[in-house]
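Open the model in your viewer and keep the selection tool ready. The tour below goes stop by stop.

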Amino acid sequence: MQENMQENLVQEDINLQEANTSADQAPRGNADQDRDMRDSRTSRGNNPRNNRRRRNDRGGRRREEKKDPIKDEVIHIGRVAKTVKGGRNYRFTALVIAGDGEGRVGKGTGKAGEVPDAIRKASEDARKNMIQVPISGTTIPHEITGVFGGGKVILKPAPEGTGVIAGGPIRAICDLAGIKDVRTKSLGSNNPNNMVNAAFEGLKSLNSIEEIAKKRGKTVKEIIS
């Protein structure tokens with residue numbers, strides 16, 4: 001009788017051990033899996049390398065958001081038609097002025113079969129061919145006359161508060177160059193290319209007060225007085 005009872009107890013212990021082993025080997029529930037995922041995310045967030053990468057990404061975005069200080073404006077778009085056997089081929093020319101508003105300004109032209117391509121080429125050309133315009137306060141140092149072909153443009157200094165008295169492409173040149181007070185007059189051709197080229201010829205011949213004083217052998221105070 002005692003032997004039978006001992007055999008039964010041994011058998012129960014074996015059954016309990018098998019049940020515990022099967023429970024350990026069984027797949028874990030969704031709660032355990034969610035807890036493990038949270039732990040892994042926390043460990044990744046605490047990793048200094050990941051934090052450094054995130055900071056670098058934010059810095060890269062800030063650098064990309066910086067705007068270009070040079071602005072451009074389309075002055076004129078012309079169309080050229082060429083008659084061929086099958087009909088007509090059209091090409092476009094663009095005249096663009098570019099400047100940073102701080103004394104640097106340039107002009108450029110571009111030709112292409114589509115208007116956006118012509119503007120893009122003209123803008124790139126204008127940025128490559130920029131000149132430095134001497135500015136005295138908010139106006140130009142002295143009166144100047146620019147001549148190119150049939151175009152003739154006069155630029156005169158003006159007191160502060162006068163504004164830009166100009167029309168057409170000359171106004172765009174003054175605004176993009178950073179000249180806030182000036183009087184201008186176009187006396188020759190009204191062709192946009194001639195007017196722009198004449199204005200640039202005049203701006204190129206401008207001299208700052210320091211340059212004029214150096215040429216005359218005087219000080220800036222003596223020139224101003």
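A nonpolar core, as used here, is a set of buried Ala, Val, Leu, Ile, Met, Phe, Trp, Tyr and Cys residues joined through side-chain atoms within 4.5 Å. Buried means under 20% relative accessible area. Keep in mind that this is a predicted model.

**Stop 1: the largest core**

Select Val105, Ile173, Ile179 and Leu203. They belong to the largest nonpolar core, which has 25 residues, and they touch the most other members. Now colour β2 (87-99), β6 (151-157), α5 (169-177) and α6 (192-204). Each of these elements supplies at least two residues of the core. Which element gives the most to this core? It is α6, with 6 residues.

In general, nonpolar side chains in soluble globular proteins tend to be buried together.

**Stop 2: Ile173 and its contacts**

Centre on Ile173. Which residues is Ile173 in contact with, leaving aside its neighbours within four places in sequence? They are Ile97, Val105, Val196, Ala199, Phe200 and Leu203.

Next, select Ala94, Ala112, Ala118 and Ala122. These are among the 5 residues of a second, separate core.

**Stop 3: the four-strand sheet**

Show β1, β2, β3 and β4. They form an open sheet in the order β1-β2-β3-β4, with antiparallel pairing. Look at β1 (71-84) and β4 (130-132). Each stands at an edge with a single partner strand, so one side of each is left without a neighbour in the sheet. Neighbouring strands here are turned by 15 degrees against each other on average, direction ignored.

Zoom in on β2 and β3 (residues 104-112). Their antiparallel pairing runs over 8 bridges. Pick Ile97, and you will find Lys107 of β3 opposite.

Where does α4 pack? It packs on the sheet and touches β1, β2, β3 and β4. The direction of α4 makes about 145 degrees with that of β3.

**Stop 4: around β8**

Move to strand β8 (residues 182-186). On one pairing, β8 joins β6 in the antiparallel sense over 5 bridges. Select Lys156 to see an example: its bridge partner in β8 is Arg183.

Then select strand β7 (residues 164-165). How do β7 and β8 run, parallel or antiparallel? They run parallel, joined by 2 bridges. Val164 has Val182 of β8 as its bridge partner.

Finally, show β7, α5 and β8 together. They make a left-handed β-α-β unit.

Key
Residues are numbered from 1 along each chain as its sequence is written. This is a predicted model: local features need pLDDT of at least 70, side-chain atom pairs count only at pLDDT 80 or more; totals for chains, interfaces and linings use all residues. Side-chain values use heavy atoms; hydrogens and water are left out. Buried means under 20% relative accessible area, exposed over 50%, partly exposed in between (1.4 Å probe, protein chains only). Contact means heavy atoms within 4.5 Å. Two strands pair if DSSP finds at least two bridges between them. A crossover is right-handed if, with the strands pointing away from the viewer, the path from the first strand over the helix to the second runs clockwise. Axes are lines fitted to C-alpha atoms, for helices over the stretch in contact, and angles run from 0 to 180 degrees between N-to-C directions.
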